[in-house]
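Subject: Model handover

Hi,

Here is the model you asked about. Please open it alongside this note. My findings follow below it.

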Amino acid sequence: MSTAPGQEAKSPLIRLRGVSKAYRRGDIVVPVLENVDLDIEAGAFEAFMGPSGSGKSTLLNLISGLDRPTTGVVEVGGQDLARMSDKELSDWRAGHVGFVFQLYNLLPVLTAAENVELPLLLTPLSRAERREHVAAALEVVGLGHRMGHRPPQLSGGEQQRVAIARAIVTDPDLLIADEPTGDLDRKSAEQVLDLFEVLHHELHKTLVMVTHDPHAAERADLVRHLEKGLLQ
Amino acid sequence: MTFGRLVWKDLLRNPLRLVLTVLAGAVGVMAFIFLRTVVDLFYSSAESAQADRLFTRAKASITADLPLSYLPRISTVPGVDDITFYGFFGGRYGDSQRDFFGSAFVDPPSFMRVFDELVVAPREVAAFQADPCGALIGKELAKRYGWKSGDRVTLQGTIYPGEWTFNVRGIYDVRTGSLDTNSLFFPYRCLNEKLPDERKDRVGAFMVRVEDPSRSAAVSSAVDAMFANSPYPTRTESERAATLGFISMLSAIITAVQVVATVILLIILLVIGNTLAMSVRERTRDLSTLRAMGFKSGRVVMLVLFESLAIGLCSGGLGVLIAPPLVRGFVAVVGSQMGGLPADFMREGTLVLGVLAAVGVSLLAGIIPAWRAVRIPVAEGLRKVA
């Protein structure tokens, strides 16, 4: 492919080619994704929509290295995830991916600060450095004053913001959000989406979000639709 | 936060369940230590047997007696340094089973020489040897009944019928060895003079002290060969072997106790395993979240195993704390019936074994839950709702 003079050749951060995924239920093979080709540029904010069972979450799992394709190539940052061992994938996720889940997935026995600190336990940072990173991440999401609170003491919106702080505390390239507003009221959802825009526009994070919510999808640069495992 | 704090916080997720599990484990450890101590009690006398003493008894049975006339002949066997004899008297004091204690007739001078681990005041030794019906009693026995030198003690004979009265002439202690301090010894002549002719001059066994313990086998063979063709052939063995022979008669009971101790370990395994399995199942999503963040499977396994280890250590520690009072109470009640036992009978090794067993069993209990925690694919685990 040729490039115009003065224009830098830019390879996508995420590149999927001929990706299919099927699950086996006993003797039956259930196809979930079929022959998906996809490029997502670094710094993009893209949303995936589609009905239940369309393969959105499976696609997200493949992009984030939580699952492997049945066939095809999944490259993120130039690395072929399918060729990595489980341990290599763990290390890769720890360094490159932050997760935001629909149900927040915070450990209820830990404080907000401790939850945010969890991914940092896998880094060589000292305790003092970890504490600084945690404080900074919680400040970004506006919860610097709730560090000592445990999840049950926080509202749903606050819990999701703690989860976002946890996702960004290691400064990953890629943020994966699976129905991040699915369990929130409108006001809390807007706060979370505002945060995503800050992360996207000001911190230049690449955001890939799966959602059922059209309002949430509107915040993305690009909305893609999946239907019965096919990317429309 | 540290990995250890994460383990600790996860442990405290359900405090009531943790406390109940630790208590169940502790009770199991306590029972295990108690039963191991009971087994130790049986073997304690064998372990403290003297290496230079042999035990010569009738080959036919441990309950059959031997002629006293064997004594001078055994003395002539090369390697024999000294010899004494004794016989079970089986006297009973009072009507209760609890009032039973060891009683035996001996030859005081040679008995004191061969059993040189006895500690008796010289004045009392002299009094014991001078009185034809004097009695030497152990300090535990004296303490139990409040007996002191000069008291008269009447026993009801079981092997030798009738009432037999002895004068307490001394109280003994032991430095080491197979003797307990809960027995009564009296001179053979006190009994022998009153026996019918057909029962006179017969003893239960001879205790032979050898010059060189490494030649015990040769001395034993020589003694037994000497009486091989007599009406009363002998069987000579080390004191330890002889004691183990006594114990072997109780092997079924000991085996049963050991089986129960093992079953208790199995129960601890199941209790802790069940707790961990529930805990891990409830946390499937949390553990999968950790794995999604980049925690490797090994680290998640360690997380579960450390929790398991912590439960085992707490159970073991608590069990070790509550076991000694139980064992002391048991020894106080049954010690006299088992030939007299020191009240503080409990080995450090048994306590350590109790803790190690708890730790080992708890780690074992954690393996399957830990394996299940990482077996589930991360993406699937993230969808699990507790």
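First, a term: a salt bridge is a side-chain nitrogen of Lys or Arg within 4 Å of a carboxyl oxygen of Asp or Glu. By that rule, three salt bridges cross the interface of chain A and chain B. One salt bridge joins the side chains of A:Asp91 and B:Lys296, at 2.5 Å from N to O.

Some ground rules. This is a predicted model, in which local features need pLDDT of at least 70, side-chain atom pairs count only at pLDDT 80 or more, and totals for chains, interfaces and linings use all residues. Residues are numbered from 1 along each chain as its sequence is written, chains are lettered from A and ligands numbered from 1 in the order in which they are written, and side-chain values use heavy atoms, with hydrogens and water left out.

The interface
Nine residue pairs are in polar contact between chain A and chain B, both residues at pLDDT 80 or more. A polar contact is a pair of N or O atoms within 3.5 Å; within protein, one must be able to donate a hydrogen and the other to accept it, and residues adjacent in sequence count only if both atoms are side-chain atoms. On the side of chain A that touches chain B, the elements giving two or more residues are α2 (86-96), α3 (112-117) and α4 (127-140). Of these, α2(A) gives the most, with five residues. Helices here are DSSP runs (H or I, at least four residues), and strands are too (E, at least two), numbered from the N terminus.

Contact means heavy atoms within 4.5 Å. On that basis, 25 residues of chain A touch 23 residues of chain B. The area buried between the two chains is about 2,300 Å²; this is the accessible area (1.4 Å probe) lost on putting them together, summed over both. Carbon and sulfur atoms give 63% of it. In chain A, A:Val109, A:Leu121 and A:Leu122 lose the most area to chain B, together 23% of what that side buries.

Within the chains
Over all chains, the structure holds 33 salt bridges. One of them pairs the side chains of B:Asp286 and B:Arg13 (2.9 Å, N to O). B:Asp286 sits in helix α11 (residues 284-293) of chain B and B:Arg13 in the loop between α1 (3-11) and α2 (15-47) of chain B, so the pair ties together parts 273 residues apart in sequence.

Chain B is divided into domain 1 (3-46 + 251-382) and domain 2 (65-231). Those bounds come from an automatic or database domain assignment. The C-alpha centres of the two domains lie 47 Å apart.

Best wishes
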